[in-house]
Structure formats: structure tokens, C-alpha cells
Amino acid sequence: TSSLIVAGTGLGWAEAPSDALDPSTLTPFVDPLPIPRVLTPSGKRANPEHHGEQLPFYRVSMREISQKVHRDLPATRMWSFEDSFPGPTLEVQSGQGAIVEWANALPIRHFLPIDHTLHGAEKSVPEVRSVIHLHGGRTPPDSDGYPENWVVPGKSQNCFYPAKQDAALLFYHDHTMGINRLNIYAGMQGLFIVRDPLEASLNLPSGKYEIPMLICDRMLRKDGQLSYPVSEHPDRPWVPEVFGNAMLVNGKLLPYHEVEPRKYRLRIMNGSNARFYRFSLENKKPLSVIGDDQGLLSAPVTVQKIPLAPAERTDLVVDFSDMAGTHVKLISDSFDILEFRVSAKAAGDASPLPSTLRPPLRLDPATAVTTRRLTLDERMDDIQRSMGMLLNNTPWHMPITEKPTLGTTEIWELVNLTDDSHPIHLHLVRFQILDRRRFDQFEYQTKGTLRYTGAAIPPESHEAGWKDTVRADPAMVTRIIIPFEGYAGRYVWHCHILEHEDNEMMRPFEVLAAPEKA
Ligand code: C2O
Ligand code: CU
Ligand code: CU
């Protein structure tokens, strides 16, 4: 299956700028890996769900910053949260949650080119808008960052994150309708960690032995500035996937990190607009996968390479104890990502990896009340005369068609009719992958004719836990099973290739309140 995970390799329909930086001309591994600081609350606020209870309160500003991504480059202009890219990490206890005030203190004009927004009619409003979403959060609808709920510079929004969910690495990011590919490319993302007692009981590497990494690719100019391509193609006023050759880890290009010869926990999130990675250690040593998007797997899985689509997360335990005194690179296929420098001194390792992480749970397809057959499409828009990517062949503004009931379980069959892999993400929920299956015939009119040509392939073992983003490969039907838990209300699901999402591979869905029992 690994041959299918690369959605694209070049720049799509755009050319690299003539002043593009070639990162291989820089001295690699001269900057230490930054670890985003964990934000401390600035106060308390009342819990809207529990009268009399107080929650930690954070105020986070979105700002223009300038940050050095490499020793030998001038500082890069970015948009981020507080004073760094990635923004500070928020850390909460499961079930306790937090209230965050997201304050838009950005400039009035974007510094990246806006060649196309979804809603031409909105051209009269300021170009800079923002609304923040907590990816993977079980969040009430009015705090979830609905793409049309954006605010302009000078305004803020209060969001309530109850975090009634298992320990997991989540992340927050801009979600503004039509321009979130630009806002996120500019730097508007950060990590959000949920902790719980089960995870704490496992004695996993923690403190400085737990390393969060937000990894993303960017195209830089020789002066260190971000470059985002503008399409020159008449039928497609936007670039369908944006790739760069500068791999940033926590905002640094080719950093190094000093480690002791012992076990470490690496929590990696793919923050790229469009790039799919396949991480491994250059010395081919094994990686133990202990978790995916929504927390721990039931048991560790040993792999040599770990694929990661945009917005997916992986939780790895790497044992450096037999690499003492060496330098070992984290790579993704032909790209260097980071260099680990393993110290020579032997260190006691107090963290044996448990063989069971959490009780196994496979959802039974028979518990699903509905199966929805939903297509991933690429088509020519006759009105805008431009190419569009769609979900269920339906543009964003059409009435909501997916209305699951709170407390029920559904199966969604994602029928990929395009030539690309798409990382499909649903807000609010966590789900499991049932299987992927090849097909060669599909009838749009009835949606009934679907001819399978292959056997159902179960999820790979490293993605067999709870997920919130799933890779849907071309010419395959990907089936997921989703319990709709938490809140009723309006949410979105979309492709997490940000150029697709903005153009307009995103649809609302509405969770209906469960009918009152008589
Ligand atoms: Cu990462 Cu709609 O989200
Ligand atoms: Cu999300
Ligand atoms: Cu897509």
C-alpha cells in the first residue's frame, strides 16, 4: 500500500520562484531543536458546563513575528501565536479542559498572495480573518471554529475546550473559510496535549524524554522569506497542492537534538499543507508506534517506516541505547529532517515499554445505524470555470446532507474518484478504520453501482486505533466507523490537504440531538 501514499512530488501547476532557496546549500544540523514552551494559564474562568467550577484560562494572541529558521538565514516573517512558530503548547487534563481567548492581533493585509478565495463576493471585507479550531478536540459547536465564524484583526473569540476525551496529541490552527491554506502556511498552528491517568500509569518517557515535533514543509526564498505560489493556469486559479523543500521541525530547518542513550517518546504531527511523509531512522533501527491521532494504540507496533498524511499524528518510542556516541538522522524518504546526537554516557532507563497500552476495542459494524456512501471528487465548475475538488459532489454552500443523530454510530464509505490520496478529517468525533477496498466502477446517479475488484484490506497496525483523519487512497473505498458522541450541532468534515479544503473539498455536517424519550 505504501506506493499510494505520495499525493504529489513536485510543485503541481506552479513554478518554484527564481530566487528559491536550495536548502542543500545550507550547513545542516547547526541549530538546536526548539521545544515549544507550555503556556501557563493567565487566570481562571467559570466552566460553562459545571456551575461553580473554575477552569484554566489562556489568552493567546495571533501575531506577526519574525523568527530565524536557520543560523545562516535572515529571520523569516511569519504569523503565529504569541511569540514563536509553532505557537505555545497548551496542555490540559482529560475532563478538566480550558477556556482560551484567541485574540486576532494580526496586520490588516496578508503578506502572502491571495489569488483566489472561495467567495468572490467577500472581496470587499478585509483579507485578514481568523478563526481557530482545535483539531481532534471533542468541542461544543460554538467553540469549534466553524469556518464562516471568522473575525477580523482587533477582535477576539472565547472558546471552551471541555477535553472530555482520552489522552492524545491534538493541535490548534486557523480554519478561516477560503484562506486557511495561507494562514496556516504563514504559521498559524500549535500543539495541544490532553493527558489522562491511564497514560500516566504507563511510565512512558516523559519530561525532556518526550519530544513533540510539528513537522511541515515550506518553500523559502534565498532571503529566508516564505514563498507561496500563485497559479498561472487559466482554468485553475489556485495551486492544487503546495510543496516546499525546506523541512521545518518546530520551526527550524534541519535542526539537531541531543539525546541520551535511552528510550524517548517522539510525538510527531504533520503540519504540512499537502506533503505526505514516510519517517524512518537513517540507520533503519525499529520504531515502536504506541499511538495515532486520538491516543494510544492497544499495544505497541514495531515498524521501520511510519507514513504520515497532513494532520495525522504518530506517537513513537525510540530506543537510542544501542546508538551511544553516534549521530542518527530522522529522514523521510530522500529528505533529511533532523539529526539526533546520542551522548556516549550510558544512562539508566526507567521506562520499559508496556506490552499493553489500553484495552483493545474494535467497533462492530453491526452497531452502525446508517451507512453513507460519500464520494471524493474532482470536477470542472461551469460557473467559475475552474477546477474544484468536492466531497459528495456537492459544493460547500448547498444544504446540509449528512445529519447523524447524537449517540448513534454510522459507517461512512469514502469513494475516492480522484487520482490523489486525500487525508479526510471529521471534526468532533473519533473513529476507526474498517477497511480499504479497490473498486473499478461507480455510478453517480444512483450511487448504487459500486463494483469492488479486490479484497477488503484492514487498516495498517499503526492506524488501527482511534483516528480523526484517514488517508483515502485513489480508486479505493475507505470505510470508517464513527460513534457520534459529545455534542449536537453543526460541524465540518474536509480534506486536510489545505489547498483542497479551501477549494472546496469541505462540507458541513450536523449532529442532531437525540430524540427525547417519552
Ligand atoms: Cu485540522 Cu478542520 O481541521
Ligand atoms: Cu478538526
Ligand atoms: Cu484532498
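Which residues have the most contacts inside the largest nonpolar core? They are Trp102, Phe192 and Leu253. The legends below refer to a predicted model.

**View 1. The largest nonpolar core, with 58 residues.** Strand β8 (residues 168-174) gives the most to this core, contributing 5 residues. At least three residues come from each of domain 1 (2-196) and domain 2 (207-342).

**View 2. The surroundings of Leu253, one of the residues with the most contacts inside the largest core.** Leaving aside residues up to four places away in sequence, Leu253 touches Leu21, Pro23, Leu26, Asp31, Val69, His70, Leu73, Leu220, Ala246, Met247 and Leu248.

**View 3. The site of the copper ion (ligand 3), coordinated by His422, Cys495 and His500.** The donor atoms are ND1 of His422, SG of Cys495 and ND1 of His500, at 1.9 to 2.1 Å. Along the sequence, the donor residues follow the spacing H-x72-C-x4-H. Because His422 belongs to strand β26 (residues 422-426) and His500 to helix α3 (residues 498-501), the two histidines tie together parts that are 78 residues apart in sequence. Both His422 and His500 are buried.

**View 4. The salt bridge between Arg195 and Glu91.** The N to O distance is 3.0 Å. Arg195 is in strand β9 (residues 189-195) and Glu91 in strand β4 (residues 87-93), so that distant parts of the chain, 104 residues apart, are linked. Arg195 counts as buried because its relative accessibility is 16%, whereas Glu91, at 29%, is partly exposed.

**View 5. The salt bridge between Arg265 and Glu199.** Here the side chains meet at 2.8 Å, N to O. The pair links strand β15 (residues 263-270), which holds Arg265, with helix α2 (residues 197-200), which holds Glu199; the two residues are 66 residues apart. Arg265 is buried at 3% relative accessibility, and Glu199 is buried at 7%.

**View 6. The salt bridge between Arg471 and Glu460.** The closest N and O atoms are 3.7 Å apart. Arg471 lies in strand β29 (residues 469-472) and Glu460 in the loop between β28 (450-452) and β29, so this pair ties together parts 11 residues apart in sequence. Arg471 is buried, with a relative accessible area of 4%; Glu460 is partly exposed at 23% relative accessibility.

**View 7. A salt-bridge network that includes Arg195 and Arg265.** Through shared partners, salt bridges join Glu91, Arg195, Glu199, Glu210, Arg265, Arg267 and Asp315 into one network. The model has 36 salt bridges.

Terms used:
Residues are numbered from 1 along each chain as its sequence is written. Chains are lettered from A and ligands numbered from 1 in the order in which they are written. This is a predicted model: local features need pLDDT of at least 70, side-chain atom pairs count only at pLDDT 80 or more; totals for chains, interfaces and linings use all residues. Side-chain values use heavy atoms; hydrogens and water are left out. Donors are N, O and S atoms within 2.8 Å of the metal (3.2 Å for Na, K and Ca); water is not among the atoms, so sites may look incomplete. Helices (H or I, at least four residues) and strands (E, at least two) are DSSP runs, numbered from the N terminus. Buried means under 20% relative accessible area, exposed over 50%, partly exposed in between (1.4 Å probe, protein chains only). A nonpolar core is a set of buried Ala, Val, Leu, Ile, Met, Phe, Trp, Tyr and Cys residues joined through side-chain atoms within 4.5 Å. Domain bounds come from an automatic or database domain assignment. Contact means heavy atoms within 4.5 Å. A salt bridge is a side-chain nitrogen of Lys or Arg within 4 Å of a carboxyl oxygen of Asp or Glu.
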